[in-house]
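Here are my notes on this chain. Please read them with the model open.

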Amino acid sequence: DDIKLVARRFPKDTGLGWDNFHPRLLLEVGGDMLLRLAGLLNKWECSPYCGEMWTIIMVFLPKPDGGQRPIGLMPLLARVWSRIRQKVCAKWERSIDQSAFWGTSSARGCDKAAWLHNVLVAHAKDSFEVAGSFYVDLAKYYEHIGHEELRTAALAWGFDLGLLKALCCTYLAPRRARIGSCLSQITEANGTVVAGCSCATALAKLLLLSALRAAALAAPIARILNVVDDVSAHVVGSTTMVAQQLGAAYREFCTKVEEAHLPLSRHKTKALAASRALRDALLLQPGWDIGKDDFVDVHRDLGGGATSGSYRRVTTTVTRESQGMAQGRKLNRLFRPGLDRARIFRAGPSAKATWGSAIMGVPDGRLRTMRVGAVKAHGRLPRGAALGLASLAQTNGWKRDPLTIVTKTALAAYVEMVWASLLPEAAARSCLSKGLALAQTLHPWRSVKEPISALVLTLARVKWGFVQGGPYMLHDAKGCQYDVRRHSPALFGHMVSLA
């Protein structure tokens with residue numbers, strides 16, 4: 001049953017390993033054969049060995065901001081086995097309960113750090129305090145993970161040693177690099193974790209957990225976030241307190257990371273300070289090696305920008321929207337109108353254009369441009385037709401409507417922060433009151449500087465809102481009320497889609 005369940009979850013267009021077998025082929029195999037395969041995998045896990053049959057093909061995918069990312073294409077058996085054992089990794093993550101670092105739902109993108117920082121900066125300005133953050137990137141993280149360090153971390157945090165042994169054996173399998181139609185000779189890796197393995201993210205969390213915990217203990221009021229190789233810390237308070245807390249968190253984190261032999265990417269390590277006094281205080285902290293030139297007014301995350309609070313930054317978001325719409329126009333020239341083109345438009349141009357929209361929202365004009373593109377991907381848009389009705393008239397058009405996507409993204413990010421206890425209630429109330437005041441102005445989007453105000457304006461489009469200005473109770477278009485502390489981001493996403 002486990003084999004069929006995980007085989008069904010692989011996308012139809014997933015990359016294939018050297019054996020060229022798609023995991024969905026196992027859905028056509030009889031029950032007796034699957035039982036024998038399950039027994040074979042269980043015996044292999046007890047005494048793992050990886051010869052040439054387990055060869056991993058390394059491919060290089062382009063990054064959005066330039067460069068290439070190595071991804072491992074594993075053979076059929078390795079992929080199915082690691083996907084099954086992902087359940088064990090998920091159980092371990094729940095057992096240690098470190099959701100403050102990693103989040104609790106699917107709304108855990110790299111733009112979460114920018115979301116939280118902008119809210120805290122806005123709250124600090126309202127309460128006459130200062131806010132500071134640092135952003136650390138680990139250089140080639142997966143490639144520098146050592147198996148001995150993983151074993152030490154597994155002993156410290158109760159990770160299954162038998163599973164870790166089998167995973168490390170898989171990563172030591174022979175490898176070949178593929179560029180275009182060219183294939184390299186077999187090479188052997190000493191350590192590392194293969195990006196593309198279903199358990200890779202869990203091992204990345206395992207190795208960083210000691211460093212994250214040390215930083216959190218050294219700075220109790222700091223809010224620390226981790227997404228794979230990106231780590232950020234955020235503090236609000238007086239200048240002296242913020243400097244001490246950020247300095248202590250950075251010092252302890254770097255010490256633990258150095259013990260694990262993980263290098264930092266110095267050119268990507270940045271700090272944001274809401275005042276010059278805070279910047280000068282941080283430079284005097286012991287162990288603080290982020291230079292004066294590395295203090296920036298805006299730090300770019302994948303989804304958007306975190307600012308020092310003096311203005312809002314939407315350059316990254318607008319650039320992505322423009323690129324997404326340009327891809328959509330190219331798509332319209334290559335494919336005929338219809339459901340297939342609409343689905344491709346949703347997976348490509350719409351996804352790119354709406355990525356990171358939770359940070360500063362999408363004003364009405366830009367949102368209309370995206371909605372028109374999504375509707376036209378399915379067919380001609382009649383003159384004078386309402387975009388909402390045109391989307392509803394199409395098969396599952398409401399799911400592909402950028403209005404639905406943007407609203408779900410913004411609300412899921414907010415609920416995620418509440419669930420992870422990362423959002424201070426005072427900050428939520430302060431930003432919410434500003435958002436409600438902005439909603440009464442003539443041009444509200446011109447003054448949006450933080451995510452919660454953007455969320456208020458975004459929810460108003462679908463006639464949702466906050467009950468009596470409180471940060472935890474929401475009402476939908478029919479007046480039904482929901483407590484964000486009791487319902488998951490997935491539920492709210494489903495309810496917004498139905499709206």
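1. Burial first. A residue is buried under 20% relative accessible area, exposed over 50%, and partly exposed in between (1.4 Å probe, protein chains only). Buried residues make up 53% of the 499 residues in the chain.

2. Basis of the numbers. This is a predicted model, in which local features need pLDDT of at least 70, side-chain atom pairs count only at pLDDT 80 or more, and totals for chains, interfaces and linings use all residues. Residues are numbered from 1 along each chain as its sequence is written, and side-chain values use heavy atoms, with hydrogens and water left out.

3. Overall fold. The chain holds 21 helices and 13 strands; these are DSSP runs, numbered from the N terminus, with helices as H or I of at least four residues and strands as E of at least two. The radius of gyration is 24 Å, close to the 23 Å from the globule rule for 499 residues, so the chain is as compact as a globular protein of that length. That radius is taken over C-alpha atoms, and the rule is 2.2 Å times the number of residues to the power 0.38. The C-alpha trace spans about 65 × 65 × 40 Å along its principal axes.

4. Contacts and surface. Contact means heavy atoms within 4.5 Å. Of the contacts with a separation of 6 or more, 67% come from residues 24 or more positions apart. The accessible surface of the chain is about 23800 Å², and carbon and sulfur atoms own 54% of it. Areas come from the Shrake-Rupley method with a 1.4 Å probe; for residues, only the protein chains shown count as cover.

5. T14. This residue sits in the loop between α1 (2-9) and α2 (31-46). Is T14 buried or exposed? T14 counts as buried because its relative accessibility is 16%. Leaving out residues up to four places away in sequence, T14 touches H22 and R79. The side chains of T14 and R79 are joined by a polar contact of 2.8 Å.

6. L183. Strand β5 (residues 182-183) contains L183. At 47% relative accessible area, L183 is partly exposed. Beyond residues up to four places away in sequence, L183 touches I57, R176, A177 and R178. L183 and H117 are 66 residues apart in sequence and 44 Å apart in space, C-alpha to C-alpha.

7. I344. Helix α13 (residues 339-354) carries I344. I344 is partly exposed, with a relative accessible area of 36%.

How values were computed. Polar contact = N/O pair within 3.5 Å; in protein donor to acceptor, adjacent residues only side chain to side chain.
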